[in-house]
Amino acid sequence: MSDQPPDAGAPPGMQVSPDGQWVWNGSAWVPNPSAPTLMPVPYAAPAPVQYAPMAYPTAGGYAIAPKSPAVSLIVSFFLPGVGSMINGDTGIGITILLLWLFAIFLDVTIIGVVVGVPLGIAMFVWGLIDAYQGAQRWNRKHGIIS
């Protein structure tokens with residue numbers, strides 16, 4: 001600190017801090033009365049940073065996971081039509097599911113048993129076949145061999 005030239009406005013014999021804001025009075029650092037007052041800098045939010053997308057492949061294409069015909073078949077076994085919905089055939093899947101539920105409703109009535117049982121079996125089988133073939137169709141459309 002002694003290498004520093006004395007501040008012209010500081011009392012004689014006192015050392016001035018490197019930033020000029022404090023002076024040594026012999027026992028403590030006190031504010032420099034001749035230091036220029038610093039204006040507070042208003043806070044400015046940092047500019048948003050653009051990061052390179054990391055979720056995209058570098059080759060310019062997207063990675064597509066194949067649809068599993070077995071998974072679609074198993075799901076459609078428990079809820080006919082849902083396997084088709086998984087494959088993206090939502091219209092067909094909803095139709096199969098609603099007709100299967102309607103067949104269950106018809107099974108409650110005595111007259112509806114004649115129509116409800118065959119309709120329910122038909123929707124169950126149609127749901128299984130469409131789920132399996134729909135997954136294979138989706139894979140072929142996207143160039144995946146299954």
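This is a predicted model: local features need pLDDT of at least 70, side-chain atom pairs count only at pLDDT 80 or more; totals for chains, interfaces and linings use all residues.
Residues are numbered from 1 along each chain as its sequence is written, and side-chain values use heavy atoms, with hydrogens and water left out.

The chain holds four helices and three strands (DSSP runs of H or I with at least four residues, and of E with at least two, numbered from the N terminus). From the N terminus, their order is β-β-β-α-α-α-α. Of the 146 residues, 23% are buried (under 20% relative accessible area with a 1.4 Å probe, protein chains only). The chain exposes about 10,600 Å², of which carbon and sulfur atoms supply 71% (Shrake-Rupley method, 1.4 Å probe).

Helix α1 (residues 69-78) packs against helix α4 (residues 113-141) at an angle of about 160°, with the axes 8 Å apart; axes are lines fitted to C-alpha atoms over the stretch in contact, and angles run from 0 to 180 degrees between N-to-C directions. The angle therefore makes α1 roughly antiparallel to α4 (over 145 degrees). In the contact (heavy atoms within 4.5 Å), α1 contributes P69, S72, L73, S76 and F77, and α4 contributes F124, G127, L128, A131, Y132, A135, Q136 and N139. These residues comprise eight nonpolar, five polar and no charged, where Ala, Val, Leu, Ile, Met, Phe, Trp, Tyr, Cys and Pro count as nonpolar, Asp, Glu, Lys and Arg as charged, and the others, Gly among them, as polar.

Methods:
Angles under 35 degrees count as roughly parallel, over 145 as roughly antiparallel, 65 to 115 as roughly perpendicular and the rest as oblique. Buried means under 20% relative accessible area, exposed over 50%, partly exposed in between (1.4 Å probe, protein chains only).
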